[in-house]
Amino acid sequence: MTTGRKQTRAPARKRVSVRGATGSTVMTVGWPGSPDALRGGASKDGKEVKRQAPWWNYALLNRERWRDTEVLNVAQQTRAVLMWDRLFLPRNAEPRPMPGLDTRIAEVSIRYVSEDKNWQYRVMPWEFVLNSAIRAHHPHELSDVYRLPVIRRLDISDTGRSTAAPALPASRWKVLVVLSAPGFISRKYTLKSELEGIRAHLPDADVQEIWTPRYRELQARIAEYKPDIVHFAGCDTHQARALAESDEWTAKESEVILAQLCDCVPDPKDGMEEVDGYAMLHEDSDLMHGTNARIDCVSYMRLSKLFDKHHPALVCWNLYHSGNRIAAMTVGEGQAGASIGFQDFIDDELAEEYFKEFYIGLAASKGRVAVAHVRALNGLWRLQGGLRGAGIVLWTCASRLSEFDGSDLETKSLEPTRNSEFLGKALPPGICQFHISVPAGLNYAQLHQKQYPFENFRIFLKNPLILNNVNIEVRLNGEDRELVYRKQFDLQAPFVDLRSEIEFPLTSPLARSCGESVVTTLYVKLSHGDQLLLSETYSTRLLPADQWRFSAQSAHTLASFIFPRDPEIEALVLKAQKYVRVLRDDATAGFEGYQASSPEAVDLQVRALWSTLLHEYRLGYINPPPAYSKNTDSQRLRTPTMVLKGGWGTCIDLALLLAAALELVDIQPVIMVLKAHAFVGYWRSIEGRDRFLEMTDSADAGEKWTFLPRRPVYGMFLSTSLREIQHYIDTGELVTLEATLLTMMGGFDEAIAHGQNNLNDPQDFDYMIDLMSARTAQITPLPLNFA
């Protein structure tokens, strides 16, 4: 009933969860039974999300820095909760609902107008943020393995286009599989197994494939065939660039490969070297493969136009970096009903396992995309060392929460494939498959630092089985000795990764006694009962103990060659005592590291070490000792004793020498490694280093972050972190020193200036090793004889 009186709403009926007017709501969060439980997106929130979103993607890309350290992991989760509370739990507001512990799925819905509007909400890793908020609200009720699946919806109602999603029929789908491996990419990926898997998991579908198409050819094929599902496989532009620049190619091969790769458009938004995209065959390329093939880096803006003439119900992108833009724009601009992509990296076998369970679930649920997505995520989460950190994103143009309503949702649609115990005596042929590869060379440093003797060691079961009591034996042969590893384990489908399990006893003198590179073999034997599953010999080279491999998988072992307990390092510090007393104008001063009163006092301790090396030792420069292993990406390194008694060293020898002296006096060093050079640095305070590790410094306020497809391990901070590293150098919390100036009688201040100039070219920077982080990861000094 209406009266002439002005109506007011009681507080209890107010939609206090709406931030700003309804028209200003940018995103909502809901779950089955509460589709619009939370609303957010006022203008002030948008600015905060715009600031935080690129940083969060950067943080998750570098998640190896913090995810395995409880304190750092909790710090990032706390930050995510604060972000969540700012959006949905303002001060003095009524408590907001949160998903229950039995909730099967949550849906984040984001208003979409155009690609450059509200982009920060699309790239925010809501999966991590929401799960962090749930853990904060239920700290004592959740297990460590709890994860709530999250899907994302783009609300395109403001675009003027039809909001009706293309419907996926209940069965008999038309599926187009796009397999793109042009040029040098075909040497890394065959993609045939992916096509065979899709056909096996969708037996009732009409599956057609197109191999390494050009852009216009693919666009025409989609318009002609009108598929319900389009599945893309191959390389994204970032991975293609990383493969082209990989150190596994010879110099001549690298020159040819880089010439194949056409330039991609730089991303103006967030500082990426190039936009997300898909590596396809160039329109002007006459050949698919070979040295004359050309590769077109098709940007995500162009990819969405592949669907201008036909809107599929589902588009799947089995590519790195395909979640935030490629899959999102497929729905927002390409008008596909749903699209799946990866936020950044994913293990190739995990990606294959995801799509296996997804397509099986899609068939079992009769086309319920969100249900199949949840099933596939559950399948990955049950695997040991499965999907962690950033993950897999499902975008839709219509809400999928209704797929989880109703009694017709069968449990088997949500449950991943169960394994059953194998009770027979012998496995049928072809059930067990192996992916085993060895490095070109290995040495004591790699074995000592758990750089395992195999680059890959995975055993696959094609059927959903559990094979109990499998025996493995590995033998590393060399001269008159051998190292042996034996173990019994249970093999479960889809695969078991034994790479990190295989270790050799390091008490044997074999690895440490090797003075020159020698050819050797690794013998592998796998058996189940009386059945021999594998018996194979792999050749490699055993490198000298002082030879460091600087390939991507072994570079972190450089920290093993920093020897603070070398007798000559102790003698150096003893000689430096008189210098530190003079520099600090204190007859009682010594080397107390960070217990000194200020960062300036830390600088004086480092200056004293520099002055001692400069005036007491008069070092010279010399090239590295011969390695005789041109194909093993390695260099022989000198110990501090060899440098100080011999009177010379390379750039890396001198950097390691200074790092060892700094570590001995409790000043935390870093090693900066460029493409063809290395130098040393140190943290002026432990607090500054902690801020760097926790990623909580004012550097976070930057709106641009570099995203490159390389991840830090074992205390290494790769080119993804360069901008952040430079921030700490600019603020004076991290100091770099050009150690080769010791051979030219260069002063301490001059060394600092040269160290800063070394980082002027971002393309030349490879990585930084933070020694304290490496030691925490058990990258300890090698037990070598310093005589």
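Visitor: What makes a residue a contact of Q668, leaving aside its neighbours within four places in sequence?
Guide: Contact means heavy atoms within 4.5 Å. Leaving aside neighbours within four places in sequence, Q668 is in contact with Y594, G681, Y682, W683, I686, R689 and M772. This is a predicted model, in which local features need pLDDT of at least 70, side-chain atom pairs count only at pLDDT 80 or more, and totals for chains, interfaces and linings use all residues. Residues are numbered from 1 along each chain as its sequence is written, and side-chain values use heavy atoms, with hydrogens and water left out.

Visitor: Why is Q668 called buried?
Guide: Its relative accessible area is 11%. Buried means under 20%, exposed over 50%, and partly exposed in between (1.4 Å probe, protein chains only), so Q668 counts as buried. Q668 sits in the loop between α19 and β25 (669–674); helices (H or I, at least four residues) and strands (E, at least two) are DSSP runs, numbered from the N terminus.

Visitor: What makes β8 and β9 a pair?
Guide: Two strands pair if DSSP finds at least two bridges between them. β8 and β9 (residues 295–299) have five, in the antiparallel sense, so they qualify. In β8 (residues 277–281), five of five residues are buried.

Visitor: Which residues touch the most other members of the largest nonpolar core?
Guide: I671 and M768 do, among 84 residues. Helix α19 (residues 651–664) gives the most to this core, 11 residues. Such a core is a set of buried Ala, Val, Leu, Ile, Met, Phe, Trp, Tyr and Cys residues joined through side-chain atoms within 4.5 Å.
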